[in-house]
Amino acid sequence: MLKTWRFHGGLRLPAHKNLSAHRPIVNAALPKQLIYPLQQRSGVQLKPTVTPGESVLRGQIIADSDHFLATPLHAASSGTVKTIEDRIIPHPSGLSDSCIIIDTDGRDEALASEPVADYRLEPASALRTKIRQAGIVGLGGAAFPTSIKLNPGPQRHIDTLILNGAECEPYITCDNVLMQAEPDTIVQGALILMHALQVGNGIIAVEDHMTEAYEALSAAIEQSRDRRLTVVKIPALYPTGGEKQLIRVVTGKETPSGGIPADVGVICQNVGTAASVYNAICRGLPLTERVVTVTGQGVKQQQNLRARIGTPISDLINQCGGYQDSVERLIMGGPMMGFALPEDDIPIVKATNCILAAAESEVATSKETRPCIRCGDCAKACPVDLLPQQLYWHSRAGNLEKCKEFSLFDCIECGCCEVVCPSQIPLVQYYRAAKSKTVAKAKEAEKAAIAKRRHDFLLERKAREQAERAERSRRKKESLAKLKAAETATEGAE
Amino acid sequence: MKFSTVMSPHLQPVNSVDRVMLQVLLALIPGIAAMTWFFGIGVLINITLAVVVALLAEASILGLRGRPIGSTLKDLSAVVTAVLLAISLPVIAPWWITVVGILFAIVIAKHLYGGLGYNPFNPAMAGYVLLLVSFPMQMTAWLAPIELGSVALNEVDWLKLIFLEQLPANIEFDVITMATPLDSVRTQLGLGRSVPEIKTDSVFGLLAGKGWEWVAGGYLLGGLWLLWRKIIGWQIPVGLLLGLGLFASICYAIDSNQFALPSFHLVAGATMLGAFFIATDPVTAATSVNGRIIYGLLIGSLVYIIRVWGGYPDAMAFAVLLGNLTAPAIDYFTRPRVFGQKA
Ligand code: SF4
Ligand code: SF4
């Protein structure tokens, strides 16, 4: 058993996992329509590579971009591109954005796959390219491109790969069931990642209640005969699945504030991501499907579905028997950090790990907000050891400087402070607002700086030009004078 | 299907101010029961009067400030202040003592500073100190515990005593009152007697004063229950008892004739009430975990210093108010190191 460490605070939350953790993964039916927001990751806009009317095959790239955080998007089934139009996208803003709509033809024809014969013979850069081309991003919720994480740069020495199997948010079980169902795929994926990173130490972290997953993975490692990989059980304490918290728990290392895990020699990947890396490299399959937990008291049958990315949520809910009358809120992600969706005609994206149809009794509907009584419970719960109470005072007062002093940007918005606050203050909302205000201000300052630089540059150029002109005319006068002098001199000599 | 969108976290809050305050009130029951048993129902009359006045005062102020009244009264913070002040007063205090104390606590100490959460000083203790300074006579006239053969008063007697300041015809004021144990240790020491001698006096029981020690036990019981329910943290009570106990032990070790046993200090006066119910008031205490230990130690030490060398027999109220003053500084110096940042 590997030693584990602790991080400050955190919460033991009611798990609500039995609703879905022990059922097999069900293959979701092919939907009639697939919807692909061109903004798969906040702020990264892809460009469509297909046009309306074009027919596409499963696995065909339909959008891409050369933005460094972009990964290509693939059609999850065969059909025709119906249109490219604005639809509500799965984003906390609830706004519409352009989406590629594909009408599936039911034949599910796929592009010929090109698996790699032996990944061990491939250089890391070739594997990274393949992983990027397969559209693989972190499946734990952040959707960060895996290929970029695999390229930490020469100045950082990486010694450990951690596979994140700690699903610390309540309700979510998609990783748990995947670890039970496909331990070999995950283990092989981990070995590929280790090869691509050239690291000799791989750790798969699962929560202590995931006995079946732990055993399945242990057996798979046993079979692979690779001693560089181990599974470790870690305490189920929210937010232990957060990257920096997980690294702390597994290795005892603290990722520096503002830094990334690679700064302490660690790369984290979600277990689902490892499985899709295996599928991409060894089976030549791009990322077009994932396991999604559909759960909550607001849906009739809680289960894990293997669904095509792009499937409308309403389709998945129907396959789970539909809503219960008590349904109150539709959440993408977990109850702590997930965001509420305005409607269910929204598709799942690569980052969608859970659809939580929460009944009224499961979510906070009306909070009785009181003044802060300075109880300090928030600080006790904060996994980053911040002072949420002070952050609250300063963000409420709009004092952004003070917010910065109290490390607002180290806040991971985990919501621990808010859940324990007896005054039921919507703390995280204040932090989000203060953060976006700070960012907006920084942008404005940057704009102003650019404008100033441009202005200064113009002034400088004007001055320079003036000086040059003056210099030129001076020289002209001089040479004229010289000429004249020479003329008079020659005249005199004659 | 359409849904309402709300920002995360979606999970229900696990706690509420109303619940915290209610639990604090429940935890006071054993102590109040013991007080009623040993000193009569006067304490219940005081509590009722205090609560009514506090709610009326808070409602009027909220009305003046244009704040919602009903939902704010429901937070029970005014009730807690009222009960804490009422049980700190001498049981036979006349009605106007209670009224003046409560009005000062609620109107000045709480709402003048902005209401719940904004007050730098514990309102109940601010009220108490105001009364002690302004009306020392009424504030030190303690009833003798019934155990000591004091006259039993019936309900009508009590009402007359508190509201009309009249005693039943055949009873003298001096007969029913007596000095508190802390008080008598103080005066007797002043008369040149030694602690072991004083302890043989009839007011003393096993650890502290007869009756008093049971009341302290009641508060301890309620306090432990609050700890177990995680309504309060251990840091302040432990810090306070430790600070007081340490000081008392050192002095006792130096001269056991001049200084009372540490156990006497831990049980006497308002120690238990203060440690578990008053110093733990979150609004006016230090908030960081380490800060609260320091805060507790500080108040405990101050209690001892004021009891032994100060001008007043019991010192909890002064010590708590002084502690309140230092809370912001303690918080400043005990800021935790943020994860991933250098110390
Ligand atoms: S938990 Fe809420 S009431 Fe308590 S200190 Fe933090 S913000 Fe204030
Ligand atoms: S939301 Fe931010 S401040 Fe609150 S507990 Fe999480 S990290 Fe700490």
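This is a predicted model: local features need pLDDT of at least 70, side-chain atom pairs count only at pLDDT 80 or more; totals for chains, interfaces and linings use all residues.
Student: Which domains make up chain A?

Tutor: There are three entries to keep in mind. Domain 1 covers 1-29 + 116-365, domain 2 covers 31-105, and domain 3 covers 367-486.

Student: How many residues does each side give to the contact between domain 1 and domain 2 of chain A?

Tutor: Domain 1 of chain A supplies 32 residues and domain 2 of chain A supplies 28. Their C-alpha centres are 23 Å apart.

Student: What area do these two domains bury between them?

Tutor: Start with the general idea. Interface size is often quoted as the accessible area lost when the parts come together. Here, domain 1 and domain 2 of chain A bury about 2300 Å² between them. Of that area, 62% is on carbon and sulfur atoms.

Student: How many salt bridges and polar contacts link the two domains?

Tutor: Two salt bridges run between domain 1 and domain 2 of chain A. Nine residue pairs are in polar contact, both residues being at pLDDT 80 or more. By class, the domain 1 side that touches domain 2 has 20 nonpolar, five polar and seven charged residues.

Student: Which residue forms a salt bridge with A:Asp64?

Tutor: A:Arg132 does, with the closest N and O atoms 2.9 Å apart.

Student: Now the ligand. Which residues are closest to ligand 2?

Tutor: Its shell holds 14 residues, and the closest are A:Cys382, A:Cys411, A:Cys414, A:Gly415 and A:Cys417. Helix H12 (416-420) and helix H13 (427-493) of chain A each give two or more residues to that shell.

Student: How does the shell around ligand 2 split by class?

Tutor: It has 12 nonpolar, one polar and one charged.

Notes:
Residues are numbered from 1 along each chain as its sequence is written. Chains are lettered from A and ligands numbered from 1 in the order in which they are written. Side-chain values use heavy atoms; hydrogens and water are left out. Domain bounds come from an automatic or database domain assignment. Contact means heavy atoms within 4.5 Å. Buried area is the accessible area (1.4 Å probe) that two parts lose on being put together, summed over both. A salt bridge is a side-chain nitrogen of Lys or Arg within 4 Å of a carboxyl oxygen of Asp or Glu. A polar contact is a pair of N or O atoms within 3.5 Å; within protein, one must be able to donate a hydrogen and the other to accept it, and residues adjacent in sequence count only if both atoms are side-chain atoms. Ala, Val, Leu, Ile, Met, Phe, Trp, Tyr, Cys and Pro count as nonpolar, Asp, Glu, Lys and Arg as charged, and the others, Gly among them, as polar. A residue is near a molecule or strand if one of its heavy atoms lies within 4 Å of it. Helices (H or I, at least four residues) and strands (E, at least two) are DSSP runs, numbered from the N terminus.
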